[in-house]
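Keep the viewer open as you read.

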Amino acid sequence: GTLHSISITNSESSNPCYLKLKITSGTVTVGTTQPDLMFHLTAGKSTQIDFPAGLAFNQLSYWVTVAAAHTDNTDPGTIVASFLCS
């Protein structure tokens, strides 16, 4: 597939967090899997991430954690995400 954009809202007013994406095939285990891409999400804000040329993927998995470390598995609270793919 091809990922064109991500719209994501971090509803937690005091905690920034990290969106982590795995775009290659394989099993994902939060707290163990090394993400292919990572994006910082500001506390209490909506973020639009665009890929103008599209981002090819074999398998698209995502998760959100409080810390940037791939070993983190802390639930950040309320996150709302929308992915535009073809």
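**From surface to core**

The protein exposes about 4,700 Å², and carbon and sulfur atoms supply 50% of that area (Shrake-Rupley, 1.4 Å probe, with only the protein chains shown counting as cover for residues). Before going further, bear in mind that this is a predicted model: local features need pLDDT of at least 70, side-chain atom pairs count only at pLDDT 80 or more, and totals for chains, interfaces and linings use all residues. Residues are numbered from 1 along each chain as its sequence is written, and side-chain values use heavy atoms, leaving out hydrogens and water.

What does the secondary structure come to? Zero helices and six strands, in the pattern β-β-β-β-β-β along the sequence. The radius of gyration is 13 Å, close to the 12 Å from the globule rule for 86 residues, so the protein is as compact as a globular protein of that length. Helices here are DSSP runs of H or I with at least four residues, strands are runs of E with at least two, and both are numbered from the N terminus. The radius is taken over C-alpha atoms, and the rule is 2.2 Å times the number of residues to the power 0.38.

Now zoom in on strand 2, residues 17–22. Five of its six residues are buried (under 20% relative accessible area; exposed is over 50%, partly exposed in between, with a 1.4 Å probe and protein chains only). Strand 2 pairs in the antiparallel sense over five bridges with strand 3, residues 37–41, and likewise over five bridges with strand 5, residues 61–65. Pairing takes at least two DSSP bridges between two strands. Tyr-18 shows both sides of this: it stands opposite His-40 in strand 3, while its bridge partner in strand 5 is Thr-65.

Next, Ile-8 in strand 1, residues 2–10. Ile-8 counts as buried because its relative accessibility is 2%. Its C-alpha atom is separated by 4.2 Å from that of Ala-81, 73 residues apart along the chain. Among the residues Ile-8 touches are Leu-19, Leu-41 and Val-64.

Those names come back in the largest nonpolar core, which has 13 residues; Leu-3, Ile-6, Ile-8, Leu-19, Leu-41, Phe-51 and Val-64 touch the most other members. Strands 1, 2 and 4 (46–56) each give two or more residues to this core. A core is a set of buried Ala, Val, Leu, Ile, Met, Phe, Trp, Tyr and Cys residues joined through side-chain atoms within 4.5 Å.

Key
Contact = heavy atoms within 4.5 Å. Lists of a residue's contacts leave out its neighbours within four places in sequence.
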